[in-house]
Amino acid sequence: MIWGIFKRDMCHATRNVIAVIVSMGLVVVPALYAWFNIAASWDPYGNTKALKVAVANNDKGYKSDLIPVRVNVGETIISTLHANDQLDWQFVKSDKAIDGVKSGEYYAAIVIPKGFSADMMTLFSPDIKHAQLKYYLNEKINPIAPHITDQGATTVVNTIDKTFAKTIAQVGLDLASSILHYSQSPQMAEYMRNLNGNLTTMADTLSGASQQVTSYSQLLGSANDIVDSTGKLLASATKAGKQAQNALKQGKSGATSLTSAGANVTSSVNTALDQVSGAFDQVAAKVNKAFDAIGKGSDTAASQLATLSEQISSGESLYDTYITSLNHMRESVEQLPDSDSAKQALLEAIDREITLLEAAKGDSRKLAQQLKDASTQVTQDTAAAERSRKEILNRITSAKQSISNVRDDYATNVKPKIDALASTVSTLISQTDSMITQLSGTADGLDDVTGDVGTNVTSIRSTLGAIAKKLDSSAATVKELITKLETGGNAGDGNSDGGDGDNDADSGESDELRALATANASTLSTLISAPVALHRVSVYPIANYGSAMAPFYTILSIWVGAIILCAMLKVTISDREKAHVLGLGDTLPRIAGPSGPGNASRWGLRLDHEYFGRYAIFALLALLQGTLVCLGDTYFLGVQANHALQFLAVGWLAALVFSNIVYTLTVSFGDIGKAVAVVLLVMQVAGSGGTFPIETLPKFFQTLYPFLPFPHAIDAMHAAMAGSYGNEYLLDMVYLALFLIPSLLLGLVLRKPVIRLNNWVSRNLESTKVM
């Protein structure tokens, strides 16, 4: 049944010229689709010579004050780009370059600023500036052009980096070469002799300076001993000053005591003498009163006189108190130094005062005795009593006068001397105490100074010792330099007589330097500017960009070919064809029912016979499409195919799988199935990883990636083109073939429940007379 359907389809497809042409077109069109895309993308980055990129140089250049070499990186860039055919470089002014990018005349523009060279040379200064090129880009003209021009701009930057490094290296090598040639001239030999002489003088000067520093350090050591002795002397002076201060404090205390004692005695004497003087006046009055009472009652008078005698006797203790106070004062005065001229006069005045008090005390005692005698006499003899009265009054007057003498002498002689002495002593002690305090402070300060001086001298001596060592070391270094210069000079002259191992090493270094300086500076500078070369090792190499894109466009064209087949060929079998296959004439019996899939099953033409019978011509044309496109890729376009048979096998398997999927969708769902096939095409173009790595696509496509046939077909074709890692090719072919399982399941089993629904949809679409 399947073979019968296929034979009739082949007869119908080749019955006339138009059918043959259409059949051939169905095979060729997908191949043309693939070939045009592959040829267009064969070498896009090798055909960039027509892309116009403007270059404007405003660089003013740079010239060093140290080395008279002018550097203009901008001019170097321009000259380099003149020899570069990667892009269509347009050398214009900066204004025209920018305006050309805006108008679309240029795809991009590179403007070299004025200070570009100067900024690059800041590499050798503390204030480094990053040199920048201004890059203008028109991104709306073409989506790929910006990336190509970016590559051109990167080339310019790399050229600048290499040129700059090469220029600096070449200048350095040329300078070294010039120095080496100059070092072998007679003038240089004369300079070396002068240099050796100057260095020898310098070494001697350094050694002499070291000896002077050492001597100065020893002198400071001697001065430090003197400072230590001075410190000890000041310490003794400080101690003596403190002892003198204590003595002055005692003297000041004595003077204060003397002053206090004098003030107390003065106050006591004045008060007491006033009381005694007043008391004598009262006694005189009472005596007169007692004697006046003799006529009235001698006993009363005697009693009064006796009472007065007792009162005066009891007052003698006051004189003792005064005398005791003066003796205390005398003791205080005796504590004064003998050299004081006021001491003796004050002692004499105090002694005279004590003598007067003793006399006044005697007068008072005699007065008391007379009063006592008078108290006895008044009762015996009136005339004698009157005489006693006169004597007592005279005695009172005499005693009172003695008291006045004491007070006047004290006020005139004693008190002024005491006050003057106390004031003088106090002033002297205060001045002396101040002087000793200042001396003590000065001694303490000098003690601190001597201590600091000792510490500083020690520190200075340590520093001077270190300086002396440095000077000795510098002198040794200079002498070593002289030796090396002499050795190097001999080695350079070639007159060395052997020497030791160090001389041989120095000679070897000189030879290396000479070899470096005499080498080709241009070659060395080129090596220095690009010391690392990128050695690209291709794993599974692809010849060109067209070959790299061939699997994607080939697989895509095979799917497009499957859609074209379903669009141009009928997927259902008419009842007339079924009747001819069954040998029933031109029509099926009436009992077959309405026309549709499976209506001839009672005569042995089952649904699977219809499915595979009509699919056979689809499979044949699909295989022809796959064969033509793969052979054209390999032999017409020259796409790389290390394993041509495997490459062709991928095309055959893809043609069978894709045609079966699209055929099944169309058979099962009619025109809706064709739309679904187009949707699947769009999804696989975006999510197959044929142009961009699948890792760069959105998460949705990365998840969908394993469940699409495109990725496995493309990977299998890549493995056939460049080589397979392990079983990579076979696995991808198996994964691709597995998509036939759901397709056949839908076409043979799941299709049955929707046949009526599909027939109903088809009738309604046909009733529109448009669809």
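Predicted model: local features only at pLDDT ≥ 70, side-chain atom pairs only at ≥ 80, totals over all residues.

Residues are numbered from 1 along each chain as its sequence is written, and side-chain values use heavy atoms, with hydrogens and water left out.

**The packing of H16 and H22**

- Two packed helices are described by the angle between their axes and the distance between the axes.
- Helix H16 (residues 607–637) packs against H22 at an angle of about 130 degrees, and their axes are 9 Å apart.
- Axes are lines fitted to C-alpha atoms, for helices over the stretch in contact, and angles run from 0 to 180 degrees between N-to-C directions.
- H16 contributes Asp-608, Tyr-611 and Phe-612 to the contact, and H22 contributes Ser-743, Leu-744, Gly-747 and Leu-748; contact means heavy atoms within 4.5 Å.
- The residues of this contact comprise four nonpolar, two polar and one charged.
- In this division, Ala, Val, Leu, Ile, Met, Phe, Trp, Tyr, Cys and Pro count as nonpolar, Asp, Glu, Lys and Arg as charged, and the others, Gly among them, as polar.

**Individual residues of the two helices**

- Ile-741 belongs to helix H22 (residues 740–750).
- Is Ile-741 buried or exposed? Ile-741 is exposed, because its relative accessible area is 54%; buried means under 20% relative accessible area, exposed over 50%, and partly exposed in between (1.4 Å probe, protein chains only).
- Ile-741 and Ile-661 are 80 residues apart along the chain, and their C-alpha atoms are separated by 9.9 Å.
- Leu-623 is placed in helix H16 and is partly exposed, with a relative accessible area of 27%.
- Leaving aside residues up to four places away in sequence, Leu-623 touches Trp-652, Ala-655 and Leu-656.
- From C-alpha to C-alpha, Leu-623 and Ala-655 are 5.7 Å apart in space, although 32 residues apart in sequence.

**The protein as a whole**

- The protein has 23 helices and six strands; helices (H or I, at least four residues) and strands (E, at least two) are DSSP runs, numbered from the N terminus.
- Of its 771 residues, 37% count as buried.
- Among contacts between residues at least 6 apart in sequence, 78% join residues at least 24 apart.

**The sheet**

- Strands of a sheet pair through backbone hydrogen bonds, either parallel or antiparallel.
- Four strands form an open sheet of mixed pairing, in the order E4-E1-E5-E6; two strands pair if DSSP finds at least two bridges between them.
- Why is one side of E4 and of E6 left without a neighbour in the sheet? Strand E4 (88–91) and strand E6 (134–137) stand at the edges and each has a single partner strand, so one side of each has no neighbour there.
- From one strand to the next, the twist averages 20 degrees.
- Strand E1 (residues 52–57) and strand E5 (residues 108–112) run parallel and are joined by five bridges; Val-53 stands opposite Ala-108 in E5, and Ala-56 stands opposite Val-111.
- E5 and E6 run antiparallel and are joined by four bridges, with Val-111 opposite Lys-134 in E6.
- E5 is mostly covered, five of its five residues being buried: Ala-108, Ile-110 and Ile-112 point one way, and Ala-109 and Val-111 the other way.
- Helix H3 (residues 73–82) lies across E1, E4 and E5, at about 155 degrees to E1.
- Helix H4 (residues 94–103) lies across E1, E5 and E6, at about 155 degrees to E5.

**Backbone details**

- Most residues other than glycine have a negative phi, and most peptide bonds are trans.
- Tyr-540 has a positive phi of about 55 degrees although it is not a glycine.
- Tyr-540 sits in the loop between helix H13 (521–529) and helix H14 (545–568), and Tyr-540 is partly exposed, with a relative accessible area of 37%.
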